[in-house]
Amino acid sequence: MHPKSLLPAISWRFLLIYFWFLCSVLVFFTSGTVESEDGWLYLGVARNIYYNHSFTAPANEYLSGKNVNMNSIPQEDGSWKPPGGYLYSIALVPSVFLSDVYHKVTQTPVPEYFPLETDWSLLFFASFTNIFFLAATGVAFFYYLLMLKFSKKEALLFSLLLVFCTNLFPLATFGFTQLLFTFFLLLSFLFIKLNHTTQQKRFLVFAGGSFTLLALSYNHSFVVTIPALFAYYLLLHNKLFDKKLWLFLGAGLV
């Protein structure tokens with residue numbers, strides 16, 4: 001049987017329309033601001049990526065009164081680094097670009113000490129970032145349910161419940177990076193399922209790539225997802241109770 005015949009009979013056009021629908025609804029619920037210390041930090045890194053072409057955090061100038069205190073780490077060369085979240089900072093760069101365009105068009109100066117000197121245009125554009133990832137999560141979950149043999153109506157219903165009736169919804173309306181983490185975690189599980197269904201190794205490579213992005217999206221908490229992903233792979237391939245496999249892994253750990 002051809003691998004494509006094992007995949008859900010759903011068109012890319014429908015998935016794109018569903019994605020656009022979710023984005024169109026979610027856009028009405030954006031907060032227009034970034035309210036957390038981590039959000040300020042990652043947005044500050046995004047500003048440095050755009051303006052200074054470096055993955056550095058704003059300097060900790062809290063004691064001098066020039067800025068608020070952020071969870072950044074001093075380096076030997078005098079620069080400051082975030083503890084993680086590099087991928088989320090990259091995702092925020094388009095917001096910095098749009099804000100920069102706004103400042104150029106209105107001929108207003110770009111705030112130097114962000115976030116102590118607030119920049120409403122930057123916060124406004126950044127607040128739309130998570131909408132994209134929640135809509136993508138909804139589409140991925142819909143497709144995942146189809147892979148699990150749910151009907152199209154059932155998959156659509158549960159996908160909508162995930163988007164609008166779980167804590168992912170408030171995460172999308174503010175500047176929390178956990179949503180990016182959730183999206184790539186779901187994508188990793190989906191690719192493992194696709195690998196098992198189609199027996200195509202490329203999906204396992206995609207799962208590894210998704211997990212790499214997951215690790216870069218937030219902080220070191222990604223390590224707690226490894227046992228679940230590993231167990232899911234073994235369960236699908238009926239290897240969870242393979243004694244030879246566990247003896248091999250045990251010997252490797254020793």
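This report describes a salt bridge and a helix packing in a predicted model.

## The salt bridge

The structure contains one salt bridge. Its partners are the side chains of Lys-104 and Asp-100, with a distance of 3.2 Å from N to O. Both residues belong to helix α3, which covers residues 86–106. Lys-104 and Asp-100 are four residues apart, or about one turn of the helix.

## Exposure of the two partners

Lys-104 has a relative accessibility of 59%. Exposed means over 50%, so Lys-104 counts as exposed. Asp-100 has a relative accessibility of 7%. Buried means under 20%, so Asp-100 counts as buried.

## Packing of helices α8 and α10

Helix α8 spans residues 178–198, and helix α10 spans residues 226–236. The two helices pack at an angle of about 20°, and their axes are 10 Å apart. Angles under 35 degrees count as roughly parallel, and α8 and α10 are therefore roughly parallel to each other. Their crossing is right-handed.

## Residues in the contact

On the α8 side, the contact is made by Leu-185, Ser-188, Phe-189, Ile-192, Lys-193, Asn-195 and His-196. On the α10 side, Ala-228, Leu-229, Tyr-232, Tyr-233 and Leu-236 take part.

By type, the residues of this contact divide into eight nonpolar, three polar and one charged. Lys counts as charged, and Lys-193 of α8 is one of the contact residues.

Definitions and conventions:
Residues are numbered from 1 along each chain as its sequence is written. This is a predicted model: local features need pLDDT of at least 70, side-chain atom pairs count only at pLDDT 80 or more; totals for chains, interfaces and linings use all residues. Side-chain values use heavy atoms; hydrogens and water are left out. A salt bridge is a side-chain nitrogen of Lys or Arg within 4 Å of a carboxyl oxygen of Asp or Glu. Buried means under 20% relative accessible area, exposed over 50%, partly exposed in between (1.4 Å probe, protein chains only). Axes are lines fitted to C-alpha atoms, for helices over the stretch in contact, and angles run from 0 to 180 degrees between N-to-C directions. Angles under 35 degrees count as roughly parallel, over 145 as roughly antiparallel, 65 to 115 as roughly perpendicular and the rest as oblique. A crossing is left-handed if the near helix is turned anticlockwise from the far one by less than a right angle, and right-handed if clockwise. Contact means heavy atoms within 4.5 Å.
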